[in-house]
Amino acid sequence: MPCDPIRQPRAPWEILEMEEPAVELKAALEWRRICATFRRELQEVAASRSISDLLHLGAAGLARLGRRAAQISLPARDRVRLEDLRQRISAWLWAEPPGEAGAGRLLWQELHDFAHLLCRVRPRPEVKEHDRDLLAQARRELARARPGAQSLPPVVRVLLDGLYGLDDELDHLLERRRATPAELEPLLTRIEEELARPGETVH
């Protein structure tokens with residue numbers, strides 16, 4: 001009776017090649033979440049902090065982004081700009097005598113604009129596929145919700161958490177405790193249509 005051929009273990013590089021797309025997807029989604037959180041932090045504190053406090057927050061946020069930038073292959077020009085802005089903010093913060101307020105405000109405006117730019121990096125094809133799949137699952141779950149429901153099914157919230165940072169309106173809606181299926185459905189339709197357009201970034 002013939003013996004089954006002996007199965008050879010995969011070489012380490014074959015395992016890495018097999019796992020790499022999933023690793024890249026995870027890194028890209030984490031980058032989107034970090035960027036969106038950073039941008040939200042800047043928006044929330046802008047009216048209540050001094051320029052010095054804002055730039056301290058900004059420098060720390062840019063340092064976090066810089067550590068992640070290589071994982072998602074952020075374009076070199078954006079990595080250079082990120083590090084240059086972080087260094088100029090640090091120089092203003094630790095200048096002796098203290099940096100001029102006008103220069104600080106200009107740095108803050110540049111930081112604010114750059115945070116928006118980073119959030120609009122064109123998504124990888126696998127990220128768009130991931131987003132479309134989650135949207136489709138969420139819409140199927142919404143269709144099962146009882147008519148007139150005044151809260152979202154927990155499974156929908158879990159699914160849409162994977163889209164955090166994709167769309168500002170969706171993020172704001174999900175932060176509300178009493179978001180309803182009727183409010184969410186047209187928003188998901190709009191995002192789904194935008195994702196179908198080539199090269200589209202949703203915000």
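Helices, taken as DSSP runs of H or I with at least four residues, and strands, taken as runs of E with at least two, are numbered from the N terminus.

The model is a predicted one: local features need pLDDT of at least 70, side-chain atom pairs count only at pLDDT 80 or more, and totals for chains, interfaces and linings use all residues. Residues are numbered from 1 along each chain as its sequence is written, and side-chain values use heavy atoms, with hydrogens and water left out.

I begin with the chain as a whole. Its secondary structure comes to eight helices and zero strands, and along the sequence the pattern reads α-α-α-α-α-α-α-α. A residue is called buried when its relative accessible area is under 20%, exposed when over 50%, and partly exposed in between, with a 1.4 Å probe and protein chains only. Of the 203 residues in the chain, 35% are buried. Contact means heavy atoms within 4.5 Å. Among contacts between residues at least 6 apart in sequence, 70% join residues at least 24 apart.

Let us turn to helix α5, residues 125-144, where D131 has its place. Is D131 buried or exposed? D131 is buried, with a relative accessible area of 1%. Leaving aside residues up to four places away in sequence, D131 touches L29, R32, L163, L166 and L195. One of these, L166, is 35 residues from D131 in sequence, and the two lie 8.6 Å apart in space, C-alpha to C-alpha.

As for the helix itself, α5 has 20 residues and reaches 29 Å from its first C-alpha to its last, close to the 28 Å expected at 1.5 Å a residue. The expected span is 1.5 Å times one less than the number of residues. The buried residues of α5 are V127, K128, H130, D131, L134, L135, A138 and L142. They lie on the same side of α5 because they cover an arc of only 155 degrees around the axis. That arc is taken from the directions from the helix axis to the C-beta atoms. On the face turned away from this buried side, α5 carries the exposed residues P125, A143 and R144.

Which residues of α4 are buried? They are G104, L107, W108, L111, F114, A115 and L118. These cover an arc of only 130 degrees around the axis, which puts them on the same side of α4.

Next, the neighbour of α4. The axes of helix α3, residues 76-93, and α4 come within 11 Å and cross at roughly 155 degrees. Axes are lines fitted to C-alpha atoms, for helices over the stretch in contact, and angles run from 0 to 180 degrees between N-to-C directions. The crossing angle makes α3 roughly antiparallel to α4, a term for angles over 145 degrees. Among the residues of α3 that meet α4 are L82, L85 and I89, and their partners in α4 include L107, L111 and F114. The loop between α3 and α4 holds P97, and the peptide bond from E96 to P97 is cis, with omega near 0 degrees.

Finally, helix α7, residues 168-175, and helix α8, residues 181-195, have axes that come within 10 Å and cross at roughly 160 degrees. They are therefore roughly antiparallel to each other. E169, L170 and L173 in α7 meet E183, L184, L187, L188, R190 and I191 in α8. Thank you for your attention.

How values were computed: Parallel < 35°, antiparallel > 145°, perpendicular 65-115°, else oblique.
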